[in-house]
Amino acid sequence: MTSSLLFNTTTIAYLASMLLFFIFLASRSRAVGTAGSILALVGLILQTVAIGLRWKESYDIGVGHAPLSNLYESVVFFSWTIVLFYFFLDLKYKHRVIGAFVMPFALLGMAWAQLGLNSGIEPLVPALQSNWLLYHVVTCFLGYAAFAVACGISVMFLIREGHERRADISGKSIVAAFPASRILDDLNYKAIMIGFPLLTLGIVTGAAWANYAWGTYWSWDPKETWSLIVWFIYAAFLHARITRGWFGRRAAWLSIIGFAATIFCYLGVNLLLSGLHSYGGGS
Amino acid sequence: MKSTERSSAQPIWDYFCSLKLTMFLLLTLAVTSIIGTIIPQGAPPPEYLQTIGENKFKLYKTLGFFDMYHSGWFILLLALLTLPTVMDEGLGKSLTLIESVSVHTDRSLLRDKSIALLRAEFAEPVVTEADGSCHLFAQKTPWCRLAVYIVHLSVIVIFIGAIIGSIFGYKAHVNIIEGEAVTSVMSRTGKEIPLDFAIGCEQFSVSYYDTGAPKEFKSILTVLEDRKPVPGFTRVPIIVNDPLTYKGITFYQSSYGKVGEHHFIVSNRDGSNKTPLTLDSSSSARLPDGSGMHVLESTQDISPFQPGMSGPAAHIEVHTPTGETKAVVIYAQYPELNARTAEQNGLPLISYTGGQEQEYTGLQVVKDPGVWVVWLGCFLMVAGVYAAFFMSHRRVWIRITDGEVTIGGHSNKNQAGFQPVFARLVERLRNDISGEGEK
Ligand code: HEM
């Protein structure tokens, strides 16, 4: 059993889970919804094992390091954190259908990683040989995952809220399967409320690492700056929440913009701009 | 809505104003920060002039776009962020819950039961007796109302740390040749900064993975006071991600290179026109035929690398006038090999006569006495953000009169989390006192 085989199986499980969630939306059959969740869980477990296996494989070939060191590994990990965070919300708030808008992100990540990225296990360049790699990347990506889920919820919100305003939610429409807009709005907030402290920790551990490794905790390199931009946007979201005026549509849009910025911070910076983190995008 | 009626309009207006200001600042910072990630920062002016026109250059320069994150307006925006904003409570959702229980029991017994319950299940109560009734009050984490202020304060603390670092600290660089020591370093602005000790490099080495990618850059450093090695700071290995700190000054592995001279004799391929050539390790020279040449590697004894051979050898790279690049090895003791190399590659005849070369390690040198203040600020920020989102100020009141117990609860946020806690308290209270009533 190799990790790459397991990753492929994971991808298929996520694809099936997503399709089942879509059918669930259309049919509103509880059994289909449950099957969607179960497949997502199977995928998550397979992926967890696969990540562990890849970690071990890296030791077997003598370059042992946590599987977080290049674009392939980070995309796989991102996908894993998204599904993990989805289950966390599902356990806590029990709105299964959100899976229909979250699994596509996880699937997209896995499909891109498996089909389009170089999956070789490479030795770590000296700059990355540190335990900080683990703390830093894990906190950053858990934050990103929360923002991804918040973005999916916000898209659902916009669709549902539009229908509610036009008062055309018949029992048969797909939108009727969505939670009420009020609940979606609240979930969006809850997800960001969890993601924000994680991103804060991610930035702080990054700064701590930078200081430990080369004596400058902040050098305005593009990744640092973009992570700060993302932080500013979600900080604005959280402040906005309190004025009451920013519930609903505007909050949903801000959440979507925040996630777009997150994706740029993650991929745009690595692929388009240069800086300390560009090795993250190599190959 | 209620609050608008209750109080005069001014403070409310101020309140929205400051909150709106914070929002405005955050979003403005988010948008403007993008500029500096697109326009390269701190490049020399000719580079900018090449890519953007003169007019744009002038405009951008006035706006400070070339060193944006240190420009006055950007720092002002950041500094304004530390203005405290009132954002807790009032408008956040809060919750008051009230329940009453009627019982026919002695008041002092009810009192003791209630105190015991709060103590065990919630928090130590404060007891007051007035007007023939008894009041208990207990609260949890009242300080978390301050969390928001702590977050804002943390930004100030981080700034203070950064300012301390920039006034009392420095960032510098030094190259130390293997076997030598230095007593000063060169700041980024080109100033020489004396150290009050000496630091020497005993050895520098690079190791590689099987793939040929570098695995580790390592310098062995020794700190010297009065020319004597300092115990505990002798032969300390440092690698990337593992620096050495002495007297508040930290040395980071950052680069490496070679210094020295190499001697060559260059001639036409038939051996005519011999000219000696001396070349620095780090520079390149032009050959008589117009080629450029520089040294990649060299050794004064080839035998460990090519068994059976001996003497000096150099691995050089030649850029021919036709635009080709050739990397070849030339020797001191094997003229026939050199001739063949020249023939095969269409190069002038070059032979190496030897040289001397030393490796140096490049260290980044940093003194930053403000960094602990920055970490304190980061800690306050993380703790403050956590407390602001995940903790709430919860209060419980119990009023006991003869025959009735009333319990009230309030949470300044996260009512969903408080509701079950409160329901449990009510449940327990009911059980406790009704059990007592039956006796
Ligand atoms: C203030 C300092 C830093 C900040 C704000 C910062 C920010 C971030 C953020 C937001 C991520 C999230 C993942 C992504 O977008 O790719 C990330 C990932 C990462 N960071 Fe940092 N970082 C900092 C310092 C460092 C340092 C010093 C190193 C290593 C020398 C480093 C190495 C990495 C790596 C390897 C990743 C994973 C990237 C990938 O696998 O694609 N970071 N950083």
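In helix α1 of chain A, the residues Ser3(A), Leu6(A), Phe7(A), Thr10(A), Thr11(A), Ala13(A), Tyr14(A), Ser17(A), Met18(A), Phe21(A), Phe24(A) and Leu25(A) are buried, where buried means under 20% relative accessible area, exposed means over 50%, and partly exposed lies in between, with a 1.4 Å probe and protein chains only. An α-helix has 3.6 residues a turn, so residues three or four places apart point the same way. The cover over the buried residues of α1(A) includes α2, α3 and α4 of chain A, with contact taken as heavy atoms within 4.5 Å.

This is a predicted model, in which local features need pLDDT of at least 70 and side-chain atom pairs count only at pLDDT 80 or more, while totals for chains, interfaces and linings use all residues. Residues are numbered from 1 along each chain as its sequence is written, chains are lettered from A and ligands numbered from 1 in the order in which they are written, and side-chain values use heavy atoms, leaving out hydrogens and water.

The 25 residues of α1(A) should span 36 Å at 1.5 Å a residue, and the end C-alpha atoms are 35 Å apart, which agrees; the expected span is 1.5 Å times one less than the number of residues. After α1(A) comes Arg28(A), whose phi is positive, near 55°.

Helix α4(A), residues 99-116, can be read in a similar way. Its 18 residues should span 26 Å, and its end C-alpha atoms are 25 Å apart, which agrees. Among its buried residues are Phe101(A), Met103(A), Leu107(A) and Met110(A), and the buried residues of α4(A) pack against α1, α2, α3 and α5 of chain A.

Taken as a whole, chain A has 8 helices and 0 strands, helices being DSSP runs of H or I of at least four residues and strands runs of E of at least two, numbered from the N terminus. Of the 283 residues of chain A, 61% count as buried, and among contacts between residues at least 6 apart in sequence, 79% join residues at least 24 apart. With 283 residues, a compact globule would have a radius of gyration near 19 Å, and chain A has 19 Å, which agrees; this radius is taken over C-alpha atoms, and the globule rule is 2.2 Å times the number of residues to the power 0.38.

In chain B, Tyr386(B) lies in helix α9, residues 371-390, and is partly exposed, with a relative accessible area of 47%.
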